[in-house]
Amino acid sequence: MAKPAPITIPTEPIGSIPRPVDLIERVARGDEEDPNLAVLYEDAVRDTIERFEATGSPVVTDGEQRKYHNFCTYCVHGLPNTAPDGFIIPFSDGHTRRLSRLTRGPFRYRRYADAYLDVAMRYTHMPVKQAVISPSALSLMYPAESIRGYSRDQFIEDLLSEHETEIRRCLNKGAHKVQVDFTEGRLAVKIDPSGQLLNSFIDLNNLALSRFSPEERRRIGVHTCPGSDLDATHSADVDYAELLPSLFELKAGNFYVALAGEPDRRHALEIIRKYRKPGQRVFVGVTSPADPHIETPEEVRDRVVEASEYIPIEDLGTTDDCGFSPFSDDTSTSRDTAFTKIRARVLGTKLAEKLIGGDL
């Protein structure tokens, strides 16, 4: 009798890695777009990828080393028609972050994420994943009052066009996956418990995803988490039952769901099992960037085995709960800790493959 094929569980990072301290300090002293910083940025990307490869990770990222300010407004940072006093994101420890506010039309990206992909691909032959921000997050840039001569409807059309352009540029350049960051999904429920804001976000993101073919959507994923900044969250107190049923209405092929930091993972897994649709692969979070505890490979293994009780093995993957430094000045987690956690995820996923496949 032929031996069954070994079980393979894909594992991918979310995106951001803490920047080197010297780069953070240099940026803090001046203009982060100063051409004199180019060498430091380049070194940071190269070192990030080398360290990713050393963990055994089958998929790498550039660690978002060059994303200006944060994972959300990198594409619009520095636009002359924006102001810094936009939507406020409150975190559990009391600190806040702010988005940009659009002051006049038209809405255009200043930079697309494929520029980061270009640099990363120079330093590796491994599959490279690229994260992009969701249309729903950027929709928060349009103020409550209308902009004279530039309607919200026109803004939304321009926003969708720019988002589609960014994803297509990444896919065309060979990105392994394009991950749409949707951390505001859970926050939407906290802001508006009626669910109307969340539903509007889902509808908007589906308008964007509908522009891609089923084959293209197999390379597109959506990431959700309760936020992660300075070891604090913005919406961990929101029950996943308020988000996950709507999340799986999104027309994406892959879902990256923060789970390691959840107090009741089985509760979330039961919801995933109920609402996940055929063909939707779920990458469950098995390491928590906000937790200083460094997971062991065995802890990761046990979390993967637990998830396999709810998600068919052919539709299961593993990931980190969030990026390790979505806001570029965050030093609450060191680069060494981030890569140690990533290595535990890679090794623990392999242990789970062997255990589930009967090789242990």
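Predicted model: local features only at pLDDT ≥ 70, side-chain atom pairs only at ≥ 80, totals over all residues.
Six strands form it, and it is open; the order is β5-β6-β7-β8-β9-β10, with parallel pairing. At the edges stand β5, residues 129-133, and β10, residues 316-320. Each of these two has a single partner strand, so one side of each is left without a neighbour in the sheet. On average, neighbouring strands here are turned by 30° against each other, direction ignored.

Now to β7, which covers residues 220-224. What are its neighbours? On one side, strand β6, residues 177-181, is joined to β7 by 4 bridges, and the two run parallel. Two of the residue pairs can be named. V180 stands opposite V222 in β7, and D181 stands opposite H223 in β7. The other pairing is with strand β8, residues 254-257, again in the parallel sense and over 4 bridges. There, G221 has N254 of β8 as its bridge partner.

As a reminder, strands of a sheet pair through backbone hydrogen bonds, either parallel or antiparallel.

Is β7 buried or exposed? It is mostly covered, with 5 of its 5 residues buried. If you look at the strand face by face, I220, V222 and T224 lie on one side, and G221 and H223 on the other. Both faces are covered, and all of these residues are buried.

Next, the helix pair. Two packed helices are described by the angle between their axes and the distance between the axes. For helix α1, residues 21-28, and helix α2, residues 38-54, the axes come within 10 Å and cross at roughly 150°. The cut-off for roughly antiparallel is over 145 degrees, which makes α1 roughly antiparallel to α2. The crossing of α1 past α2 is left-handed.

Which residues make the contact? From α1 they are D22, L23, R26 and V27, and from α2 they are L40, Y41 and A44. Sorted by class, the contact of α1 with α2 has 5 nonpolar residues, 2 charged residues and no polar ones.

That is the end of my part; I'll take questions.

Note on methods. Residues numbered from 1 in each chain as written. Heavy atoms only, no water. Buried < 20%, exposed > 50% of the residue type's maximum accessible area, 1.4 Å probe, protein only. Pairing = 2+ DSSP bridges. Axes fitted to C-alpha atoms, helices over the stretch in contact; angles between N-to-C directions. Parallel < 35°, antiparallel > 145°, perpendicular 65-115°, else oblique. Left-handed = near helix turned anticlockwise from the far one by under 90°. Contact = heavy atoms within 4.5 Å. Nonpolar A, V, L, I, M, F, W, Y, C, P; charged D, E, K, R; others polar.
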